[in-house]
Amino acid sequence: MLINIIGAKCIGIDAVPVVVEVKIDRGIGIHLVGLADAAVKESLLRTVTALQSMDFHIPGKKIIINLAPADLHKNGSGYDLPIALGIIAASAQRDLPRLGRYLIMGELGLDGSVRPVPGALPYAEMAVGMGLSGCILPAQSAMEAVELRQAEIYGVDNLSQVLSILEGEDRGAQVSLSLSTRKLAGPKADFYQRMRAEDFRAQGYRLDRPAAAPAVMAPTSSAPAWRESAPQSRRKADDAPALTVGDALLFRSEE
């Protein structure tokens, strides 16, 4: 069975598609082709170890992994995750019906954890241009693409979460850019939401958190500060741009 997973490579500030093709055939060994650098070649050992740590087996056949187009130099550790998913799907160990709908990139730890990779925003923009549903990226990397509203951006902490998304079982990892809330999967979710809020606070936003109501970022001209306010203090800023982060609605005053 031939499995195709859509990845990407950054060239300058733009991304170009890289298709990770995985095929299992008669023979032995794991063969990686497609003009890969040393970091990509090392991904085979990381990937095999990660899969075995999660109780997946490595088929005792010839596994061919092609990074297409073959004349484009590939570098970095971001192809670990698509290679692992390709081996799982090609060996029929899991059914992943949504595999072709997302651009997928991420570095794998030996325990199956997913580590950050650079280029999330160009990847997401490229996915939109290709008509894909969105991206599955490491949680920290996904925050870089949080403002791109045309795509579903998933931030994940481990391979198990990726498999749940691709099986259509887990929507909780989605950083939903088209909805009023944005969430991350895993224990790091609260940290990333706070980090994102701090980023906006540094840009001149202030958090109003009315009782029993969604948190609101109200425009401020003074130094921003967190404060609690009563529900009646909420105000609508029709002329101010609004963004949503987690359960917070953000407004910033126009200069």
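**Terms and values**

Mentor: This is a predicted model. Of the 255 residues of the protein chain, 51% count as buried.

Trainee: What makes a residue count as buried?
Mentor: Its relative accessible area must be under 20%, and 51% of the 255 residues pass that cut-off.

Trainee: Why are E1 and strand E2 said to pair?
Mentor: Pairing needs at least two bridges between the strands. E1 (residues 2–11) and E2 (residues 14–25) have ten, in the antiparallel sense, so they count as paired. Within this pairing, Ala8 stands opposite Pro17 in E2. The hairpin of E1 and E2 has two residues between the strands, and Gly12 takes a positive phi near 70° there.

Trainee: How do you know that E2 and strand E4 pair?
Mentor: The cut-off is again at least two bridges. E2 and E4 (residues 62–68) have seven, in the antiparallel sense, so the term applies. Here Val22 stands opposite Ile65 in E4.

Trainee: Which strand gives the largest share of the lining of the second largest pocket?
Mentor: Strand E1 does, with three residues. The lining includes Ala8, Lys9 and Cys10, as well as Tyr79, Met105 and Tyr123. About 160 Å³ of space lies in this pocket.

Trainee: What makes Lys9 a charged residue of the lining, and how do the classes divide?
Mentor: Lys counts as charged by definition, and Lys9 is in the lining. By class, the lining has seven nonpolar, four polar and one charged residues, so Lys9 is that charged residue.

Terms used: Residues numbered from 1 in each chain as written. Predicted model: local features only at pLDDT ≥ 70, side-chain atom pairs only at ≥ 80, totals over all residues. Heavy atoms only, no water. 1 Å grid on protein atoms, 1.4 Å probe; cavity = no way out; pocket = protein on both sides within 12 Å on 5 of 7 lines; lining within 4 Å. Points joined across faces, edges and corners; volume = space filled by probe spheres on them. Helix = DSSP H or I, 4+ residues; strand = E, 2+ residues; numbered from the N terminus. Buried < 20%, exposed > 50% of the residue type's maximum accessible area, 1.4 Å probe, protein only.
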